[in-house]
Amino acid sequence: MLSFAETLRSAAASIRGHGLRSGLTALGLVVGVASVIAVVAIVQGLSHRIKEGFAGLGANSLTVKSYTRFEDKLQGRENRIGTADLDELVLRLDGVRDVSPVLPVFGPFGAEVRLAGKTAHTRVFATTPVYQYTRQNFPAQGRFITEADEKHRRRVAVVGAKLLDDLDATAAPIGKFVEIGGEWFKIVGVMEERGELFGISQDDFVLMPFATGLALLPDQVEPDIGITFNVEDVEKLDEVRDRATTLLRRKHGIKAGRENDFKVETAEQLTDSFASLFDTVTFVFAAIVGISMLVGGIGVMNMMLVSVTERTREIGIRKALGAKKRDILAQFLIEAVLLTTIGGAIGIGVGYALGYGAAQLIPSFPPAVLPWWATVAAFGFSAGVGIAFGIAPAARAAALDPMAALRNE
Amino acid sequence: MSAPAINAILTLEAVEKTFHVAGEPVHALRGVDLEVTRGEYAAIIGPSGSGKSTLMNVLGCLERPSAGRYAIDGVDAAALDDDALADLRNRRIGFVFQDFHLLPRASALDNVMLPLLYRGGSRRAHRESAQTALADVGLADRESHLPMQLSGGQRQRVAIARALVGNPAILLADEPTGNLDAATARDIMDLFDRLNVRGHTIVLVTHDASIARRCRRTIRLADGRVVDDAPSTEAALRDAGSLQIAGRAC
């Protein structure tokens, strides 16, 4: 039995011996692996950035949102979390702090904002002073919404940096008046910049006191608010969540066995739902691009079959000199696997360079992140392609009759 | 046939080999009995189609006989599977082919080392044996040459070194001088002579009577059977006689 080192040496020599052909064959795999790696690196970079973005929410925060089943939505039904729910939680839920409601005053799509003849469209939320602690986001200039603002339903606004930029009002914005959805507000604060997430600015918003926001709602409209709060003891997160769920179910009069019409989510769950979305995207892309590796594999098989035919005499000589079936099988199989793993390794390098380069070239794109599992998977898959597509030609070579092979010209 | 001699290396009993060409059976060997003992220097001769190459392939365990018994160095070859046969070829037989059959991309040394590598073990362990074998055939200074950089005679010497390197029980040569000019052929035959003097058992196939005369035994095949088996001088005399008869008849 030929030693592994010898088999490897002979395979390497054979690949070198047909440099151009081997290179072209491996190229198919290089392209396949490179595309997989580039796509995975870019998508994982995005996913990584989003997870970072949610990290600001803190591991101990819970968010209550209304939840309407899709079937119900089709029938025009819409579940809501209202101020009564907020009061219920504030009153009866123990072990929590920084309970802040978030009310999209002009609906989920925001409103027009005007300042000195400039117009911009932005999201408008009404919230309470504790919001800054819940979100761990504080004013960079001026002040945040105060209890006094709440009490007097003041028409004051705290704005994001991106909105100011859009309104050309970055110079001395405090004290200026801004028209939001037809109402006039005084800018009292500008929030710290949080940058972009997935190409969308997180600084494009305006906040107003919660009471002011409620007062602005049309008469018939029940508000649908989100409630975020921090749990004092992270250990008791699940306990608090269960308690909040129980309180709200009772408040909403949901019978046992019926589905909740709201959701209580941890920041982690929000992150996870995004992460799983990106993982799905990664997987789908990888699967699609994996097809190109299949094509690469067929190329390898084709080359190996040509190689076996071409080297029939060599096989005959080797067999005449004492090579066993498994020697010949190993020789050709290792040659195929060596070829595909070299292609895979080059592809990983090229793919990372591509992903990294693309992320760098596109402005505001997060840097590419290549997870270790993608590298391992790409490498393993390359070797797998070598085995899967190399086994048939190798078996063919191993089965050759020595004398028939020797006679072959 | 009597019991094989104690020092018999090859023993054939009623060996037959039938090929099927386009559905038609072709009887290449029709019952060959043969015994070769240690230290012999035998030539198998015969006209084209007499079955001498087939016999050689059977002797070299490259082809299985269709019927009959074949033992090499005391091992019954018929009972062995493909891998065991490969091992037998590797350890007991040194093969020299008419067209050398060297690996074109491997150096002379690597070619010589090849049979040893199939026994396992590292390259380093076998390197010295291969160098010795190359020196034995007078090619110590051609180790790193590729076959295409060598002359025909040198290539055949490399092939002979490869056949000898594993210290086989028997050296089989199928028309070893068939692709060489007369002077080179003489050199190669001188080498075979020396090897035999040193104790190697050699069986070669040839259609060249002058080469057969250098061997000490001549086995003549015709139509798949051994028709004559005698010490070479007697065989040569008979040849001469038959030629004279043939000449007269013309």
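**Figure 1. Overview of chain B in the predicted model.** Helices, taken as H or I runs of at least four residues, and strands, taken as E runs of at least two, are DSSP runs numbered from the N terminus. In this predicted model, the secondary structure of chain B comes to eight helices and 10 strands. Chain B has 250 residues, of which 51% count as buried. Among the contacts in chain B with a separation of 6 or more, 66% are accounted for by residues 24 or more positions apart.

**Figure 2. The largest nonpolar core and the surroundings of B:Leu10.** The largest nonpolar core holds 65 residues, and the members that touch the most others are B:Leu10, B:Ile44, B:Leu55, B:Leu59, B:Tyr70, B:Ile170 and B:Val203. Helix α13 of chain A, residues 372-398, supplies the largest share of this core, namely seven residues. When neighbours within four places in sequence are left aside, B:Leu10 is in contact with B:Leu34, B:Glu35 and B:Val36, with B:Leu59, with B:Tyr70, B:Ala71 and B:Ile72, and with B:Ile170 and B:Val203.

**Figure 3. Helices α5 and α6 of chain B.** Helix α5 (residues 152-165) and helix α6 (residues 182-197) of chain B have axes that come within 10 Å and cross at roughly 20°. Because this angle lies under 35 degrees, α5(B) is roughly parallel to α6(B). The crossing of these two helices, α5(B) and α6(B), is right-handed. On the side of α5(B), the residues in contact are B:Gly153, B:Gln156, B:Arg157, B:Ile160 and B:Leu164, and they meet B:Thr184, B:Asp187, B:Ile188, B:Leu191, B:Phe192 and B:Leu195 of α6(B). Sorted by class, the contact of α5(B) with α6(B) consists of six nonpolar, three polar and two charged residues.

**Figure 4. Helices α4 and α5 of chain B.** The axis of helix α4 (residues 123-136) of chain B comes within 9 Å of the axis of α5(B), and the two cross at roughly 130°. α4(B) and α5(B) are therefore oblique to each other, and their crossing is right-handed. The contact is formed by B:Ser129, B:Ala130, B:Ala133 and B:Leu134 from α4(B), together with B:Val158, B:Ala161 and B:Val165 from α5(B). By class, the contact of α4(B) with α5(B) has six nonpolar residues, one polar residue and no charged residues.

Figure 5. B:Gln156 is placed in helix α5 of chain B, and because its relative accessibility is 0%, B:Gln156 counts as buried. Apart from neighbours within four places in sequence, the residues in contact with B:Gln156 are B:Val96, B:Phe97, B:Gln98, B:Phe100, B:Pro176, B:Leu180 and B:Ile188. One of these contacts, B:Phe100, lies in the loop between β6 (93-96) and α3 (108-117) of chain B. B:Phe100 also counts as buried, at 9% relative accessibility.

**Figure 6. Positive phi values at B:Phe100 and A:Arg153.** Most residues other than glycine have a negative phi. For B:Phe100, phi is near 65°, a positive value in a residue other than glycine. For A:Arg153, phi is near 45°, likewise a positive value in a residue other than glycine. A:Arg153 is placed in the loop between α6 (147-151) and β6 (156-159) of chain A. With 52% relative accessibility, A:Arg153 counts as exposed, whereas B:Phe100 counts as buried.

Notes. Residues numbered from 1 in each chain as written. Chains lettered and ligands numbered in written order. Predicted model: local features only at pLDDT ≥ 70, side-chain atom pairs only at ≥ 80, totals over all residues. Heavy atoms only, no water. Core = buried A, V, L, I, M, F, W, Y, C linked by side-chain atoms within 4.5 Å. Buried < 20%, exposed > 50% of the residue type's maximum accessible area, 1.4 Å probe, protein only. Contact = heavy atoms within 4.5 Å. Axes fitted to C-alpha atoms, helices over the stretch in contact; angles between N-to-C directions. Parallel < 35°, antiparallel > 145°, perpendicular 65-115°, else oblique. Left-handed = near helix turned anticlockwise from the far one by under 90°. Nonpolar A, V, L, I, M, F, W, Y, C, P; charged D, E, K, R; others polar.
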